[in-house]
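Me: I am new to this structure. Please show it to me, and then let us go through it in short questions.

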Amino acid sequence: MTTAPLSSRPLDALYVAFFIIHIPCSLIVDLQALYPRALIPGWMQALVSWYFSTYGDPILAGGMGLYGRPVDVVWLKSFFYLEGFFQLPVFFIGAWALYYGRHTWYPLLIAYAASTATTLVPCMAYLFSYPIASEKVSGFATMTVAQRWQVIGMMMPWVLIPTLMTVDLSRHSSDTTDIVSFPVLRTMTVAPLTSRPLDALYVAFFIVHVPISLIVDFQALYPASLVPGWMRGITQWYLSTHGDPILAGGMDLLTGIRPADVVWIKSFSYLELLFQFPSCLIGIWALSGGRRAWYPWLIAYGASTATTLVPCVAFILAYPVAAEKAASGFGTMTIEQKWQVLQPMVPWIVIPALMCIDLSLRVARVLAAQDRNGGPVALRKGAVLMFTSIADEKQFDVTVVSSKPLARGSTADIYEGKTADKNRVALKVITKTVDGDDMAREQLIRREVRAAQQVRHSYILPLTGMAITDSHTIIVSPLMKNGNLLLYLKGHPNANRNALDIVSLTLPEVRLLYTPEFAGPELLFAGDPQAGQLPSKNMQLDVYAFGMLMIQISSSHAENRLRYSQENRHGQAALRRQSS
């Protein structure tokens, strides 16, 4: 599959530049939070010291443990580990994959971008809530307004570009917006949920997630006057039993801690409300119905949710321990309480992470086929293609029965397929519909589809569905068990041709797929393909082609074809009849 140059793919060029710039920023600055101090060169330490004295960035300083209690900044430290062990390798992979147009890596980049955008949400909230002073101070206790906006300004590309990358690459991986689109993520027949154990696990996870979010997690966001007594009672019991500082922090119940140091918890509550909760509802609907076009969205959800659990787990592990339950204030936890809180978190980090990896691999397999074949799916035996119905624009799957075509033509090959309800269908794969550029070809196909929607006649084989790949147009029609008429007559030479009921209809908006045997001379010599000019087709040429077909059918030798050779002498077209 030919890859367009990076200069003609502006968004990919933006992402590549972002990755390239991010690599030295991470290696030289950010990851100093993880390096052994003795191994950091003096010039790198001096660079960070200048940065702190100028901007007073509490995020980098917190990750380096330069202020506050360890438990108060452990969430920042966890993000730097995530950057070092996950994001940094993706910078190299992403720059290479996007530069060379390797679509197979899109799912990984979607997961990266969603995870990165998720880490920036609490960081931005932290900066906006950080204490303000009129003058710069040492020790990172406060920031000036100028310092706050300087740090926020530097962070904005790290928020906006990963968010844009998530949306853009997800859209490219599951574009189902047009009737003639070919969604690349439909690679298998929709089986019952009971036969898809991982999908069933994800759906069960979503179903459990929904009431927990509504009843417990979102209490931090509800107005207190609207929270029913029974919901408040559940939360009070949970807090008194387990002493969960994360839920308590989201509800502003922690004492002896600055509001800025727990704002990350509150930001995750809003992220859960605005993104993760709707994704649970979408996930139930999409996975139950086998709607694979939503896989990229769920990849982003899985990456985002797993990312939010990383600082939560780190926070619980680092939380101060006491021998007895705290009487009030949630200042400490017992070892038993820690494990009681951590155990329910395990499914919330393992299942979203598994979902992200599993769905990424599913999408990557199909995108890999697209890279190899120049189109989303090869017509191999057992491949399942998704089509859009011409009648109602609903989507349906067709399984390819054989890799060997039933018939071949100059512009199309016919394969046998089978729908989910076992109906045999013909897959007409048009490898070259018309000369000219892709836009002109697509406009012609759209016109044919709209015309087919308006044509209903018992003698016309209906066009039931269509899909377009990068290199093929694929049309679905019912499969005639006796083959096409010419093949039938060839196999039954004694058939009474005069008794055949052949009906000719005038269809001004429906053009036949012309072959050299049946094309009129005006069509053979019209248009300039190099200039992108399409040959002109009209009703007269339709009648000519239909007449040629009738002559061949009525001939006593159906296997004979009327062929023409063409010559162009001094601008004069000459046609000669040949018999095969």
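Me: At what angle do helix α4 (residues 70-99) and α5 pack, and how far apart are their axes?
Reply: This is a predicted model, where local features need pLDDT of at least 70, side-chain atom pairs count only at pLDDT 80 or more, and totals for chains, interfaces and linings use all residues. Residues are numbered from 1 along each chain as its sequence is written, and side-chain values use heavy atoms, with hydrogens and water left out. Helices (H or I, at least four residues) and strands (E, at least two) are DSSP runs, numbered from the N terminus; axes are lines fitted to C-alpha atoms, for helices over the stretch in contact, and angles run from 0 to 180 degrees between N-to-C directions. For α4 and α5, the angle is about 145° and the axes are 10 Å apart.

Me: Is the crossing of α4 and α5 left-handed or right-handed?
Reply: A crossing is left-handed if the near helix is turned anticlockwise from the far one by less than a right angle, and right-handed if clockwise. The crossing of α4 and α5 is left-handed.

Me: How many nonpolar, polar and charged residues are in the contact of α4 with α5?
Reply: Contact means heavy atoms within 4.5 Å. From α4 the contact draws on residues including Trp75, Phe79 and Phe86, and from α5 on residues including Tyr106, Leu109 and Tyr126. Ala, Val, Leu, Ile, Met, Phe, Trp, Tyr, Cys and Pro count as nonpolar, Asp, Glu, Lys and Arg as charged, and the others, Gly among them, as polar. The contact of α4 with α5 has 17 nonpolar, five polar and no charged residues.

Me: Which word describes how α4 and α11 lie to each other?
Reply: The axes of α4 and α11 come within 8 Å and cross at roughly 135°. Angles under 35 degrees count as roughly parallel, over 145 as roughly antiparallel, 65 to 115 as roughly perpendicular and the rest as oblique. So α4 and α11 are oblique.

Me: How do the residues of the contact of α4 with α11 divide by class?
Reply: The crossing of α4 and α11 is right-handed. Val71, Trp75 and Leu82 are among the α4 residues in this contact, and Val310, Pro311 and Phe315 among those of α11. The contact of α4 with α11 divides into 10 nonpolar, two polar and no charged.

Me: Which residues does leucine 317 touch, not counting residues up to four places away in sequence?
Reply: Leucine 317 is found in helix α11 (residues 295-318). Its C-alpha atom is separated by 7.3 Å from that of lysine 338, 21 residues apart along the chain. Leucine 317 touches Lys338 and Leu342.

Me: How do the residues of the contact of α1 with α6 divide?
Reply: Helix α1 (residues 10-28) packs with helix α6 (residues 145-173) at about 135°, the axes being 11 Å apart. α1 passes α6 in a left-handed crossing. Phe18 and His22 of α1 are among the residues in contact, as are Trp158 and Asp168 of α6. The contact of α1 with α6 divides into 13 nonpolar, one polar and one charged.

Me: Which residues of α2 are buried?
Reply: Buried means under 20% relative accessible area, exposed over 50%, partly exposed in between (1.4 Å probe, protein chains only). What covers the buried residues of α2 includes α1, α3 (58-63) and α6. Those buried residues are Met44, Val48, Tyr51, Phe52, Thr54 and Tyr55.

Me: Is phenylalanine 140 buried or exposed?
Reply: Phenylalanine 140 sits in the loop between α5 (106-129) and α6. It has a positive phi of about 65° although it is not a glycine. Most residues other than glycine have a negative phi. At 14% relative accessibility, phenylalanine 140 counts as buried.

Me: Is aspartate 252 buried or exposed?
Reply: Aspartate 252 lies in the loop between α9 (245-250) and α10 (263-288). Its phi is near 60°, a positive value in a residue other than glycine. At 54% relative accessibility, aspartate 252 counts as exposed.

Me: Which residues is histidine 209 in contact with, leaving aside its neighbours within four places in sequence?
Reply: Histidine 209 belongs to helix α7 (residues 197-215). It is buried, with a relative accessible area of 1%. Histidine 209 is in contact with Glu272, Cys280, Tyr301 and Trp348.

Me: What share of the residues of the chain count as buried?
Reply: The chain has 16 helices and nine strands. Of its 580 residues, the share that count as buried is 46%.
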